[in-house]
Every structure is written in C-alpha cells, then in structure tokens.
Amino acid sequence: MTIQRRGEMFFHDADLCFQNWQSCASCHPDARADGLNWDLLNDGIGNPKNTKSMLLAHQTPPSMAEGVRESAEVAVRAGIVHIQFAVRPEEDAVAIDEYLKALEPVPSPYRVDGELSPAAERGKKIFFDEKVGCARCHPEPLYTDNLLHDVGSRGWFTRTDAFVTPTLVEVWRTAPYMHDGKWLTIEDLIKKGGHGGEGKGGDLSGLTEQQLDDLIEFVLSL
Ligand code: HEC
Ligand code: HEC
C-alpha cells in the first residue's frame, strides 16, 4: 500500500464524509471533472462554478477559478472540512495530495499514433504566433501562466472579471469550458465566444476559417 494508493482510496470513499453523503470523486470522477456547475461557498454563494480537473492542480496555483485558494494543498484540506464536513488527520490530506500529484495526462485521442496530426501541427504555429497571442497566457509546458486575467468571460452569475488561466493539458476531456461552463466545445469558445480575440486578450483577426479549425485541432490535441 503506497501513500498514493491510500490517497486514491480516501478520494473515492464517501465514508470520510458526514453521513456518507459524497466522496471527492462524486464531483471529480476519475479525479477529473463531472462537467457540472456547483455553488461552493469559498467565493460567496449564487455564483456556481464548473468543476475543475485534478490533473496538474498541485502544479498550477492558485486554485479555483477566482484563485480564492492559495494552492491545491489548501483546496484539498478545505474540501475535507467544507464539502465533506469532516475532521480528518493531516496524513489523510497528505495522501490525497500525493495521489493527485501522481496523476498523469492521458494522450489526446485527437493525436494520430501519439503525434500531432498535420492540422494540429499547423494550429501549433498559430497558437505560438506572437500576434495571435495564445501562448502569452497559456505558455508551455503546462499551458498556463498561473495568473488572473479579464478575458471578457464574465457571465450572468459572476461577480468578478478576472479568472485564473486554466491549464490546457487534457482540455479535450473537460468540456464544458470556462469558469461557468458557458461553452460546450472549444470550437464554440473560439468561434462564437471569440476567446483570444480582440478585446479578449489576443488577436484572431485575419485568421481564416481553416486556420481557426487548425488552431482548435491543436488545442484538442494537448
Ligand atoms: C459538490 C462537488 C464537489 C465535491 C464533492 C468536491 N469538489 Fe473539488 N471542486 C468542485 C468545483 C465546482 C471546483 C471548482 C471551483 C471553482 O473554480 O471555484 C473544485 C475545485 C477543486 C480543486 C481546485 C483545482 C484547481 O486546479 O483549481 C481542488 C484541489 C479540489 N476541488 C479538490 C477536492 C477534494 C480533495 C475533494 C474531496 C475532499 C473535492 N474537491 C470534492 C466541486 C467539488
Ligand atoms: C489574456 C490571457 C489569455 C489569452 C491571450 C488567451 N487565453 Fe485562453 N484563457 C484565459 C483565461 C483567464 C481563461 C479562463 C476564463 C474563465 O474561466 O472564465 C482561459 C480559458 C481558455 C480555455 C478553456 C479552458 C477550460 O478548461 O475551460 C481554452 C481552451 C483557451 N483558453 C484557449 C485559448 C486559445 C486557443 C487562445 C488563443 C486564441 C487563448 N486561450 C488566449 C486567458 C487567456
């Protein structure tokens, strides 16, 4: 029994929760995201947020869309107390940290034999093009600068303009997108939502439909 394995068991065990209501995996299945919005109390009420994946959470502080938790370590302990209403020994939280830190990205099914497709290769150049500007906020290797930005994504229920740049690793499996899950696909996020376009942090003007499709293919391949 390794510490990571113990953490995996705690993460999936509703026995840890007050009246056995739920485990962490109830909302974070497979330590990823259930695709739903939940109104957690850490940033006030009435402003539900889309569940985040646990992949790379410990390497991309601050945590939560509004960055209200300093790190994933803090978020894990807050989850035990405020979501599961439980008091647990520190070693349980450490085991959950170690489990989550051991998660590895699953290669994107958009890849061809593990490599970028020709379209994704073309999209990669666009992503890293300085004029387009995606990589300014989503730099390699984790595709996030870990900073808050106003990218015009404020929604009906939101009370703030700036959100932590999310990592794009495994973004192919974490729809819907943005802090409130407003967009169902990356295509909608870019083409209808204009994310990364003028007034939203970057510059998509001048890109053809084909170039936008290539860019989307690259993002889905991460
Ligand atoms: C009721 C659903 C729910 C349950 C149960 C739940 N979470 Fe979450 N979790 C969320 C949502 C929603 C977010 C995103 C909140 C935000 O962005 O403000 C989140 C975010 C996180 C984050 C921050 C990730 C990041 O990169 O910012 C961590 C870490 C986390 N949860 C760990 C846990 C742990 C550990 C447990 C069990 C103790 C748990 N969660 C139980 C819904 C849940
Ligand atoms: C000024 C900084 C900035 C630039 C430039 C930028 N992004 Fe983002 N990106 C963000 C922020 C901040 C969010 C999260 C906003 C939210 O949650 O409401 C985000 C969210 C995303 C998401 C959704 C991730 C998820 O898990 O919900 C994708 C995909 C994405 N960006 C791709 C791109 C692409 C492609 C470009 C270039 C066309 C780009 N971004 C340019 C800051 C930026």
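So, the shell around ligand 2: its residues divide into 16 nonpolar, nine polar and no charged. For the classes, Ala, Val, Leu, Ile, Met, Phe, Trp, Tyr, Cys and Pro count as nonpolar, Asp, Glu, Lys and Arg as charged, and the others, Gly among them, as polar. The shell comes to 25 residues, with C134, C137, H138, S153 and H195 the closest; to be near, a residue needs a heavy atom within 4 Å of the molecule.

Before I go on, the housekeeping. This is a predicted model, where local features need pLDDT of at least 70 and side-chain atom pairs count only at pLDDT 80 or more, while totals for chains, interfaces and linings use all residues. Residues are numbered from 1 along each chain as its sequence is written, chains are lettered from A and ligands numbered from 1 in the order in which they are written, and side-chain values use heavy atoms, with hydrogens and water left out.

Back to ligand 2. When I say helix or strand, I mean DSSP runs numbered from the N terminus: H or I of at least four residues for helices, E of at least two for strands.

Now the metal. The iron atom of ligand 2 is coordinated by H138 and H195, each through NE2, at 2.0 to 2.1 Å. H138 sits in the loop between α5 (134-137) and β3 (148-150), and H195 in the loop between α6 (186-192) and α7 (209-220), so this pair ties together parts that are 57 residues apart in sequence. Donors here are N, O and S atoms within 2.8 Å of the metal (3.2 Å for Na, K and Ca), and water is not among the atoms, so sites may look incomplete.

Why call this iron site octahedral? Because the six donor atoms subtend angles of 87 to 179°. The rule for six is that opposite donors are over 155 degrees apart and all others between 65 and 115; four donors are square planar on those limits too, or tetrahedral if all angles lie between 85 and 135 degrees, and anything else is irregular.

Both histidines are tucked away: H138 counts as buried at 11% relative accessibility, and H195 counts as buried at 18%. Buried is under 20% relative accessible area, exposed is over 50%, and partly exposed is in between, using a 1.4 Å probe and protein chains only.

M178 takes part through a polar backbone atom, 2.8 Å from a ligand oxygen.

Keep M178 in mind, in the loop between β4 and α6. Its phi is near 80°, positive in a residue other than glycine, and M178 is partly exposed at 24%. Most residues other than glycine have a negative phi, and most peptide bonds are trans. D113 has a positive phi too, about 50°, and D113 is exposed at 76%. As for cis bonds, E140 to P141 has omega about 0°, with P141 in the loop between α5 and β3, and P61 to P62 has omega near -5°.

On to ligand 1. How many protein donors does its iron have? A single one, H28 through NE2, 2.1 Å away, from the loop between α1 (3-11) and β1 (37-38). The shell here has 13 nonpolar, eight polar and three charged residues, and α2 gives the most, four. Backbone N or O atoms reach oxygens of ligand 1 from M64 at 2.7 Å and from A65 at 2.8 Å.

Last, the packing. The largest nonpolar core has 43 residues, and F11, L100, F127 and I186 make the most contacts inside it. The largest share, six residues, comes from α7. A core is a set of buried Ala, Val, Leu, Ile, Met, Phe, Trp, Tyr and Cys residues joined through side-chain atoms within 4.5 Å.

Note on methods:
A polar contact is a pair of N or O atoms within 3.5 Å; within protein, one must be able to donate a hydrogen and the other to accept it, and residues adjacent in sequence count only if both atoms are side-chain atoms.
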